[in-house]
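Subject: Structure for your files, with notes

Hello,

Below is the structure I promised to pass on.

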Amino acid sequence: MAFFRPRVSREAEVRFHADQEISQSFPESLDKARTAEQRVRELQAAHADEVELREAGLALDKALTEALRAAEAGQRATFGVKAYDDRIARRKARATPKGAMWTSEVDRLRTLREQNRLTGIPRVPAVR
């Protein structure tokens, strides 16, 4: 005996379409992150003062966070509508070539952001 089961929830459809919109900004946000990283590297090579390095490091963190959000949205959109409600569908989608590509990209961006947060943003003593 077969029971009627709705394919996906309305909320999953809405989130899917929102993620598709957000993921379209991924190439631009990745370019911004590359530009910010280049700026940090140039300042480090020029032995700039810590205040400039801190500002550039914070700008890189913001750009990486924006790129990471777009990549995560692209990952979820690639997994498909069904993956929003079903963990098994999410796991199966992660095993596809496109799903694996997005997963590795998200992991790479997370690693870059955490590395920047730990070592790339110099601490400046508070002025009193």
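Accessible areas come from the Shrake-Rupley method with a 1.4 Å probe, and for residues only the protein chains shown count as cover. By that method, the protein has an accessible surface of about 9,200 Å², and 53% of this belongs to carbon and sulfur atoms.

This is a predicted model, in which local features need pLDDT of at least 70 and side-chain atom pairs count only at pLDDT 80 or more, while totals for chains, interfaces and linings use all residues. Residues are numbered from 1 along each chain as its sequence is written, and side-chain values use heavy atoms, with hydrogens and water left out.

Overall shape

The protein holds five helices and zero strands; helices (H or I, at least four residues) and strands (E, at least two) are DSSP runs, numbered from the N terminus. The order from the N terminus is therefore written α-α-α-α-α. The C-alpha trace spans about 75 × 35 × 20 Å along its principal axes. The radius of gyration is 19 Å, whereas a compact globule of 128 residues would have one near 14 Å. That radius is taken over C-alpha atoms, and the globule rule is 2.2 Å times the number of residues to the power 0.38.

Of the 128 residues, 36% are buried. Buried means under 20% relative accessible area, exposed means over 50%, and partly exposed is in between (1.4 Å probe, protein chains only). Where contacts join residues at least 6 apart in sequence, 77% of them link residues at least 24 apart; a contact means heavy atoms within 4.5 Å.

On charge, there are 25 positive and 20 negative side chains, and the centres of the two sets lie 8 Å apart. Lys and Arg count as positive and Asp and Glu as negative, with His and the chain ends not counted. Each charge is placed at NZ of Lys, CZ of Arg, CG of Asp or CD of Glu.

Helix α5

Helix α5 covers residues 97-120. Its 24 residues should span 34 Å at 1.5 Å a residue, and the end C-alpha atoms are 32 Å apart, which agrees. The expected span is 1.5 Å times one less than the number of residues.

The buried residues of α5 are Gly99, Trp102, Thr103, Glu105, Val106, Leu109, Arg113, Asn116 and Gly120. An α-helix has 3.6 residues a turn, so residues three or four places apart point the same way. The cover over the buried residues of α5 includes α2 (26-45), α3 and α4 (87-94).

Two of these residues deserve a note. Threonine 103 has a relative accessible area of 15%, so it counts as buried. Leaving out residues up to four places away in sequence, threonine 103 touches Gln75, Phe79 and Arg94. Its C-alpha atom is 27 Å from that of arginine 39, which is 64 residues away along the chain.

Is glutamate 105 buried or exposed? Glutamate 105 is buried, because its relative accessible area is 14%.

Helix α3

Helix α3 runs over residues 50-79 and includes glycine 57. Glycine 57 is buried, with a relative accessible area of 0%. Beyond residues up to four places away in sequence, glycine 57 touches Val40, Asn116, Gly120 and Ile121. Glycine 57 and glycine 120 are 63 residues apart in sequence, and their C-alpha atoms are 5.8 Å apart in space.

Threonine 65 is also placed in α3. Threonine 65 counts as buried because its relative accessibility is 12%. Not counting residues up to four places away in sequence, threonine 65 touches Arg113 and Arg117.

The loop between α2 and α3

Histidine 47 is in the loop between α2 and α3. Its phi is positive, about 55 degrees, although histidine 47 is not a glycine. Histidine 47 counts as exposed, because its relative accessibility is 72%.

Regards
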